[in-house]
Amino acid sequence: MTDVRAAIRCGAYRSHTAGLGSGYLQANLAIMPETYALDFMRYCQRNPKPCPLTGVSDTGNPSMFTMGRDIDIRTDVPAYNIYRDGRLTGSAQDISDIWQDDFVVFALGCSFTFEHALQQAGIPVWHIDNDKTVPMYRSNIETVPAGPFRGKMVVSMRAIPEARVAEAVTISSRFPLAHGAPVFWGDPAELGIANVADPDWGDAVPVPDGHVPVFWACGVTPQVALEAAALPICITHKPGHMLISDIPENAEVPVLRPDTIQ
C-alpha cells in the first residue's frame with residue numbers, strides 16, 4: 001500500500017478511499033495532546049464497536065510504524081478535519097505545520113475494510129460502485145463515557161438485498177477490527193434517523209425496493225466525542241478519507257512484526 005500512500009502524500013490523490021487498498025485494513029484517525037490520550041483510550045476500550053482500536057503512536061512521533069512501512073500521519077491521509085475547542089474550524093490536506101511534539105495518534109478500524117468481503121461475495125455496495133462516500137448518521141445510541149469523551153454513536157448505512165441481509169451480517173462479523181456485525185437493520189426511525197436520504201456525513205444512497213437499510217457502528221463516532229470534549233486542539237480524518245495501512249484486513253492482531261518493518 002506504499003504506492004497509494006505515496007500518491008496521497010504528494011497530492012496526486014485527494015478523494016475518498018472507499019474501494020482502495022483491497023485486502024488491507026483502513027483506519028479512522030483521532031490526534032490529540034497526550035494530556036487527553038488516556039481518557040480517549042478508555043473511551044475506545046468501552047466502545048469497541050464504533051472505536052475498534054488498531055494503533056496508537058508514540059507521543060510526538062508521526063510514524064505509525066506498527067501499521068505500515070514509511071507512514072507519515074501528517075501527510076498520508078487525503079484530508080483532515082481540525083477542531084479547536086470542540087468546533088470544526090477547518091480542513092487540510094497536510095498537517096505538518098500544526099503538528100505538536102505532544103500529539104498522540106489513535107487509529108481506529110474502518111468499515112471500508114469489510115466492504116471488500118461483501119463485494120467478493122457478490123453483495124453490491126452502491127457507494128463504491130458509484131464513486132461516492134458511504135452515508136453516515138448521528139443515531140440515538142449512547143456511547144459509554146470516559147473523562148470528557150461522550151456522545152451518540154454515529155452509524156454508516158448500506159442498502160442490502162433483503163434475501164442477503166443475514167449473509168452480510170455473517171460476513172462483516174468476521175472483521176471485529178472494522179466494526180464487525182451491524183448494530184441494526186430495518187426502520188431508520190428506530191435509530192432516531194428522520195430521513196435516510198439526508199445523511200449527516202457522506203453522500204445519500206438509494207434504498208431500492210427489496211433492499212433493507214443496514215447500519216454499522218462508524219468510526220466518525222469519536223469526532224462527536226471530540227466535539228463534546230472540547231479539546232483545545234484535535235485532528236481527525238475527514239469522513240471517508242482514511243489511512244490505508246499495510247495490515248491485512250483479516251489480521252487477528254493489527255501490529256506489524258518488528259522483523260517486517262523496514
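Guide: The 19 positive and 29 negative charges of the protein have mean positions 2 Å apart; Lys and Arg count as positive, Asp and Glu as negative, while His and the chain ends are not counted, and each charge is placed at NZ of Lys, CZ of Arg, CG of Asp or CD of Glu. This is a predicted model, in which local features need pLDDT of at least 70 and side-chain atom pairs pLDDT 80 or more, whereas totals for chains, interfaces and linings use all residues. Numbering runs from 1 along each chain as its sequence is written, and side-chain values use heavy atoms, leaving out hydrogens and water.

The average pLDDT (the predictor's confidence per residue, from 0 to 100) is 90, and 95% of the residues score at least 70. Among the elements, mean pLDDT is lowest in helix 1 (residues 2-9), at 74, and highest in helix 2 (residues 37-46), at 98.

The protein has six helices and 11 strands, taken as DSSP runs: H or I of at least four residues for helices, E of at least two for strands, numbered from the N terminus. Its radius of gyration is 17 Å, close to the 18 Å of the globule rule for 262 residues, so the protein is as compact as a globular protein of that length; the radius is taken over C-alpha atoms, and the rule is 2.2 Å times the number of residues to the power 0.38.

Of the 262 residues, 54% are buried, meaning under 20% relative accessible area with a 1.4 Å probe, protein chains only.

The part to look at is helix 6, residues 221-229, where seven of nine residues are buried. These are Thr-221, Pro-222, Gln-223, Val-224, Ala-225, Leu-226 and Ala-229. After helix 6 comes Ala-230, with a positive phi near 55°.

Key:
Buried means under 20% relative accessible area, exposed over 50%, partly exposed in between (1.4 Å probe, protein chains only).
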